[in-house]
Protein chains: 2
Amino acid sequence: MIKPKYTERQIKLARYAKALSHPVRIQLMEILSKQSCCYSGDIADDLPIARSTLSQHLSELKDAGLIQGEFNPPKIKYCIKRDAWEEARQMMKEFFEGDK
Amino acid sequence: MIKPKYTERQIKLARYAKALSHPVRIQLMEILSKQSCCYSGDIADDLPIARSTLSQHLSELKDAGLIQGEFNPPKIKYCIKRDAWEEARQMMKEFFEGDK
DNA sequence: TTTTTATTTCGCAAAAATACGAAATGAATA
DNA sequence: TATTCATTTCGTATTTTTGCGAAATAAAAA
């Protein structure tokens, strides 16, 4: 029984998928991909979760590399990271199309 | 503070993403999308996990609607569900391209 | 300097995910 | 009928995720 580990690509793709595996994070990325940047507080008003919970979801997306926060006192402006977003899109596309 | 729930689309997309949020499930879908069907045991030999764990991951994909199992005694043949796979592809594409 | 504002971190709890080996299942074969 | 084979389910343990409110932080405004 051979036990190879996963490829870097598989791990990376699973990582991106995990970042998108919660409805609120889908919604966050939809908001950000439309308008590029957003203030955390403005988003919070439209979401059915506590602000501290929102903060955690934003961290999740940040850890996955999909967004970045820019401190713009007293607010924090969150922006999509276009390079990672494009990479995720491309990897997902190839994954679904099977053209490796 | 308005608290709307998520759209059906957001929930569905997150559900598909969750199904793909583990490297072994990425690998499983890659195998299945290439050859359409596969016997569970054949897959197990190439994976770094116990057979019972593989079974759980297959269930996860089945629950998400991405695959189905066909009992072909004494083996079980797993096949990709092309309609759901296509739906996931399309939803993911629209999500990344922002064209709603 | 105190207060206000925006956000995160902390502390906690509940639920879900991941993993394994042992036992159960269900059908074919000896 | 007993055995074998492929796979799942069970029981269990560990880790991760999700969520909240309270407290901490950090900078601007009063």
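**A briefing on A:His57 and the helices around it**

A:His57 lies in helix H4 of chain A, and the structure described here is a predicted model. This residue is buried, with a relative accessible area of 11%, which is under the 20% cut-off.

**Around A:His57**
- The side chain of A:His57 is joined to the side chain of A:Arg25 by a polar contact of 3.0 Å.
- When residues up to four places away in sequence are not counted, A:His57 touches A:His22, A:Val24, A:Arg25, A:Leu28 and A:Ile49.

**Helices H2 and H4 of chain A**
- The axes of helix H2 (residues 23-35) and helix H4 (residues 51-63) of chain A come within 10 Å and cross at roughly 70°, and therefore H2(A) is roughly perpendicular to H4(A).
- On the side of H2(A), the residues that meet the other helix are A:Val24, A:Arg25, A:Leu28 and A:Met29, while H4(A) brings A:Leu54, A:His57, A:Leu58, A:Glu60 and A:Leu61.

**Helix H1 of chain B**
- Helix H1 (residues 8-19) of chain B has 12 residues, which at 1.5 Å a residue should span 16 Å, and this agrees with the 17 Å between its end C-alpha atoms.
- The residues B:Gln10, B:Leu13, B:Ala14, B:Tyr16, B:Ala17 and B:Ala19 of H1(B) are buried.
- Their cover includes helix H1 (8-19) and H2 of chain A, as well as helix H2 (23-35), helix H4 (51-63) and helix H5 (82-97) of chain B.

Key
Residues are numbered from 1 along each chain as its sequence is written. Chains are lettered from A and ligands numbered from 1 in the order in which they are written. This is a predicted model: local features need pLDDT of at least 70, side-chain atom pairs count only at pLDDT 80 or more; totals for chains, interfaces and linings use all residues. Side-chain values use heavy atoms; hydrogens and water are left out. Axes are lines fitted to C-alpha atoms, for helices over the stretch in contact, and angles run from 0 to 180 degrees between N-to-C directions. Helices (H or I, at least four residues) and strands (E, at least two) are DSSP runs, numbered from the N terminus. Angles under 35 degrees count as roughly parallel, over 145 as roughly antiparallel, 65 to 115 as roughly perpendicular and the rest as oblique. Contact means heavy atoms within 4.5 Å. The expected span of a helix is 1.5 Å times one less than its number of residues. Buried means under 20% relative accessible area, exposed over 50%, partly exposed in between (1.4 Å probe, protein chains only). A polar contact is a pair of N or O atoms within 3.5 Å; within protein, one must be able to donate a hydrogen and the other to accept it, and residues adjacent in sequence count only if both atoms are side-chain atoms.
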